Amino acid sequence: DNFAFTGEVWMGHLRYGTYGGNSIEQCHPFLRQNNWMTRCLAAAGNFNLTNVDELYDLLINLGQHPKEKSDTVTVMEKIGHFLDLENERLFQKFKQEGYDNRKITELIAENLDVRKILMNSAQDWG
């Protein structure tokens, strides 16, 4: 089933910190927050990427400055990069079509291609 994007997701996953220390900042889910509802992310997982250093360097080369070097943060920021690109592409498209910013926010939420964002994001995951 497909559900309309609502801007809020309830996640039934909490994981203890598995790197660095054991504080609230290192527990899942990790959040990527933004004032635009269609640019926010929450990431949680039970995985261990073996190429975190390489992925971190790819983010740096994209112009990002991730706050941490961990597999979950790296995955989240890679998704965030392509999410931001898709948001900007849709914003420009709907702006050229004459919509106001408030309506554009609704249209972005309705037209985000999450599959495409995830496919583009996952290309370098090991």
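**Close-up views of the predicted model**

The protein is shown as a predicted model with an average pLDDT of 83, and 79% of the residues score at least 70. Where pLDDT is low, the predicted coordinates should not be read in detail.

**Figure 1. Overall arrangement of the protein.** Four helices and two strands make up the secondary structure of the protein. Along the sequence, these elements follow the order β-β-α-α-α-α. Among the elements, the lowest mean pLDDT (83) belongs to strand β1 (residues 30–32), and the highest (95) to helix α3 (residues 101–111). Of the 126 residues, 37% count as buried. The accessible surface comes to about 8,500 Å², and carbon and sulfur atoms contribute 50% of that surface.

**Figure 2. Helix α2 and the residue Gly-98.** Helix α2 spans residues 71–96 and contains 26 residues. From its first C-alpha to its last, helix α2 reaches 38 Å, which is close to the 38 Å expected at 1.5 Å a residue. Just after α2, Gly-98 adopts a positive phi of about 95°.

**Figure 3. The largest nonpolar core.** This core holds 15 residues, of which Leu-49, Leu-90, Phe-94, Ile-104, Ile-108, Leu-112 and Ile-117 touch the most other members. Two or more residues are given to this core by each of the elements α1 (52–61), α2 and α3. Helix α2 supplies the largest share of the core, with seven residues. In soluble globular proteins, nonpolar side chains tend to be buried together.

**Figure 4. Surroundings of Ile-104.** Ile-104 is one of the core residues that touch the most other members. When residues up to four places away in sequence are not counted, Ile-104 touches Phe-91, Phe-94, Lys-95 and Tyr-99. Of these partners, Phe-94 is also listed among the core residues that touch the most other members.

Figure 5. His-81 lies in helix α2. Why does His-81 count as buried? The relative accessibility of His-81 is 15%, and therefore His-81 falls under the 20% limit for a buried residue. Apart from neighbours within four places in sequence, the residues in contact with His-81 are Arg-32, Leu-62 and Gln-64.

Notes. Residues are numbered from 1 along each chain as its sequence is written. This is a predicted model: local features need pLDDT of at least 70, side-chain atom pairs count only at pLDDT 80 or more; totals for chains, interfaces and linings use all residues. Side-chain values use heavy atoms; hydrogens and water are left out. The expected span of a helix is 1.5 Å times one less than its number of residues. Buried means under 20% relative accessible area, exposed over 50%, partly exposed in between (1.4 Å probe, protein chains only). Accessible areas come from the Shrake-Rupley method with a 1.4 Å probe; for residues, only the protein chains shown count as cover. pLDDT is the predictor's confidence in each residue, from 0 to 100. A nonpolar core is a set of buried Ala, Val, Leu, Ile, Met, Phe, Trp, Tyr and Cys residues joined through side-chain atoms within 4.5 Å. Contact means heavy atoms within 4.5 Å.
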